Amino acid sequence: MIDNNIFCESFGFNQWIDIDTMTDWAQVQMYIFWHSDATVMTRAKPTILVTDAEGLARCFHDGNEGFDMEGFVTCRDYEPERITQEAKIAYIQHNGTWNPEHFEDTYEGEYTSPMAFAEQHVDSMGFFEGAHETLRLYFDWEAYSHDLKTDYVSINGHYFNRLA
């Protein structure tokens, strides 16, 4: 599991905060309140600047000082059994945003290589069903895995259907 951290700056508070269990900005503010000079924090509503992020949280950091906490929590808490944080990160890197319905429609899984994906794809179609096993030896897996690149994209070993 990847740790999700944000680097926050607020009234002299400058440190990484683990947001794996936080659900809103109020929890971040309370964390800062309890881990900084409380007298400064009670004088004004703190402005929280997020200057860096790690893990899935990086996908929701705007690169400046903003952070989409609601989007992060929605994505983080979306947990069908086969979905990993790495798969979500790959999806967002490819699509630029999180959309759970589109993710489900396009995600094919994680594979160790294009050839492994090609084999699974052929097996899922039942291409060799009922055929003698030696027939697989004559199939050009490398060429087929190359052809799949027109319909599928691989991001860090996670495959997505371009056509869905």
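Predicted model: local features only at pLDDT ≥ 70, side-chain atom pairs only at ≥ 80, totals over all residues.
Trainee: Is Glu-108 buried, partly exposed or exposed?

Mentor: Buried means under 20% relative accessible area, exposed over 50%, and partly exposed in between, using a 1.4 Å probe and protein chains only. Because its relative accessible area is 27%, Glu-108 is partly exposed.

Trainee: Which residues is Glu-108 in contact with, leaving aside neighbours within four places in sequence?

Mentor: Contact means heavy atoms within 4.5 Å. With those neighbours set aside, the list for Glu-108 is Arg-82, Phe-117, Tyr-152, Tyr-159 and Asn-161.

Trainee: Over to Asn-4: what is its relative accessibility?

Mentor: Asn-4 sits in the segment before β1 (5-10). Asn-4 counts as buried because its relative accessibility is 0%.

Trainee: Which side chain makes a polar contact with the side chain of Asn-4?

Mentor: A polar contact is a pair of N or O atoms within 3.5 Å; within protein, one must be able to donate a hydrogen and the other to accept it, and residues adjacent in sequence count only if both atoms are side-chain atoms. Leaving aside neighbours within four places, Asn-4 is in contact with residues including Ile-17, Glu-54, Phe-72 and Gln-85. At 2.7 Å, the polar partner of the Asn-4 side chain is the side chain of Asp-20.

Trainee: Zooming out, what is the radius of gyration of the protein?

Mentor: There are 7 helices and 6 strands, in the order β-β-α-α-β-α-α-α-β-α-α-β-β. The globule rule gives 15 Å for 164 residues, and the protein is well over that, so it is more spread out than a compact globule, with a radius of gyration of 22 Å. That radius is taken over C-alpha atoms, and the rule is 2.2 Å times the number of residues to the power 0.38. For the record, then, the value is 22 Å.

Trainee: And what box do the C-alpha atoms fill?

Mentor: Taken along the principal axes, the box is roughly 75 × 25 × 20 Å.

Note on methods:
Residues numbered from 1 in each chain as written. Heavy atoms only, no water. Helix = DSSP H or I, 4+ residues; strand = E, 2+ residues; numbered from the N terminus.
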